[in-house]
Amino acid sequence: MTQFITAVLTSLSSGAIYALMALALVLVWRSTRVINFAQAGQAVLTTYIGYTVIQRTGSYWLALLVAVVSGAIIGAVIDRFFMRPIFKRIKSGPIVMIAPVVATLGLLGIIQAVIGFIWGLTNQSIQAPVSTDGFKVMGTVIAFSRYNLLVLIFVAVAMLLLTILFQKTDIGLALRASAYSPEIAKLSGIKVDSVRTLGWAIAGASGGLAGMLYIPGYFLFPNAMDLLLVFGFVAAVIGGLESLFGAVVGAMILGFAINFATTYISAKLFFPTAFIVLVAVLLLKPGGLFGSKKGRSA
Amino acid sequence: MSLVVSNLTIDHGAIRAINNVSFTVPQGQLAAIIGANGAGKTTLLRTLSGLKEAASGSVSWNGDSILGTRPEDLARSGIMHVSDGKSVIAELTVKENLALPGIWRKDKKDVAVATSEVIELFPILGQRLSQSAGSLSGGERQMLAIGRALIARPKLLLLDEPSLGLAPLIVEQIFQTIKSLVKKMNLTVVLVEQNAMGALKIADEGVVLNLGSVVAVDSAEKLLNDPAVRAAYLGF
């Protein structure tokens, strides 16, 4: 019984972190039609910035705030000064689909190399702000800590804020309109380019939060977020790549599948499970669980 | 106060889509641009609203050159383009579609007034506010697209084929609405239409395009009675 409870709770907290990464990818995909592989680099960079803040001030909370804000700034800067010029220069041909994605891959390499230069390649660690000792349930210690609970709460609050932003505000309406139909949005007077940069900023902030929540249970090194990028991507695709809600659902499915497979079958299934779930979902629903049925042109 | 298009030339890749086109639409008038499929009507309109670049020539609105201005800036200055067919965002609700100009308009009170005017003009939209725009019929989508443009309080309205794919009765209704708007709101309208007959009937001026060139510019009434135009574009 405690094993089951533990599996459910750890599924939720790991799913929550996958969800943040998946959201970051979906936000950029919706606004720019690019899978942003650089997101792993952006998120690890903001976590290093957070790490430095902790070294200087000793405050995890200040570091979290700085990481989220710098994530937003880095995201906006990448879109404005890197992606936008690329899209301006490349207008037609098959290269339109490939060049921006390759550019994000290149950017990922650059960011990770720069991190290596500044902070070195050795593993660092970030102390969690609250206890990482498991709770006691019916006399047994389970693998779910106060810190895991904190992660869940943070992600839930972030989701709530994003939902309010997207569904209840003018900015959210502009973000959705620009994602669904950039041309009609422009003709309605919406500054689609600026809205897109804002989308990158929100994605960057989401990645910044993901990094600061993920790393305390792990180590910090230039490639520390690569696996999370892959899982975030798998979750986003399961959810249909278009839907923010789908990204969260996809991440939770992934969290549960991985944790249950590793708890009840074999720990070796950690990595394969993600792809078994992905292939199964795509066979049953090729567009993902919440993807749009009709194909949408860029 | 007028729209002046002079010597406008537009390329579509390697193809010259619009060749040295000139015409003037005085303020408060409705100009119909007619011509067969492939005459370059839509390309011309997309250039007027900033979606497409011109190769040469000039376009001015009230004396200001507007060529090369971005579509969102033109929209904010009162030039609204309702693009062809079903220019609505299907994934958003009717209410959200109508709310788009309200995102940037400063005068929120007037946005509310304009919105209720649009619902008065097209009552069916009022009944469908919380439905997704994708669930609307073709005629309702056209009403929504025009209604959304009106909420921006436009001075110049560019309409691309509002009759496309609609039943004759609905076409008649849309055309009459457009005509009444010109008078009521002192709008200037450029109406691009394949339905030449319907368009010329409500228009003040007519521009006939063929393979990217102007073949006739005259008052709509004269064009309707011109034997050559009748034979080529009106079918009788």
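**Entry 1: the contact between chains A and B**

I looked up the salt bridge between A:Arg176 and B:Glu96, whose side chains meet at 2.9 Å, N to O. I noted the rule: a side-chain nitrogen of Lys or Arg lies within 4 Å of a carboxyl oxygen of Asp or Glu. Three salt bridges are found by this rule across the interface of chain A and chain B. On the side of chain A that touches chain B, the elements giving two or more residues are helix 6 (170-180), helix 7 (182-187) and helix 8 (192-214) of chain A. Helix 6 of chain A gives the most, with six residues. I took helices as DSSP runs (H or I, at least four residues), numbered from the N terminus.

I recorded that the model is predicted, that local features need pLDDT of at least 70, that side-chain atom pairs count only at pLDDT 80 or more, and that totals for chains, interfaces and linings use all residues. Residues are numbered from 1 along each chain as its sequence is written, chains are lettered from A and ligands numbered from 1 in the order in which they are written, and side-chain values use heavy atoms, with hydrogens and water left out.

I then asked how many residues of each chain are in contact. In chain A, 20 residues are in contact with 27 residues of chain B, where contact means heavy atoms within 4.5 Å. The area buried between the two chains is about 1900 Å², with 61% from carbon and sulfur atoms. Buried area is the accessible area (1.4 Å probe) that two parts lose on being put together, summed over both.

**Entry 2: B:Thr47**

I placed B:Thr47 in helix 1 (residues 41-48) of chain B. Is B:Thr47 buried or exposed? B:Thr47 counts as buried because its relative accessible area is 3%; buried means under 20%, exposed over 50%, and partly exposed in between (1.4 Å probe, protein chains only). Beyond neighbours within four places in sequence, B:Thr47 is in contact with B:Ile10, B:Lys52, B:Glu53, B:Ala54 and B:Leu67. I also noted that the side chain of B:Thr47 reaches the backbone oxygen of B:Thr43 at 2.9 Å.

**Entry 3: A:Gln112**

I found A:Gln112 in helix 4 (residues 95-119) of chain A. A:Gln112 is buried, because its relative accessibility is 12%. Its side chain reaches the backbone oxygen of A:Pro222 at 3.3 Å. Leaving aside neighbours within four places in sequence, I listed A:Pro222, A:Asn223 and A:Asp226 as contacts of A:Gln112.

**Entry 4: A:Phe81**

I located A:Phe81 in helix 3 (residues 60-89) of chain A. A:Phe81 counts as exposed because its relative accessibility is 59%.

Conventions:
A polar contact is a pair of N or O atoms within 3.5 Å; within protein, one must be able to donate a hydrogen and the other to accept it, and residues adjacent in sequence count only if both atoms are side-chain atoms.
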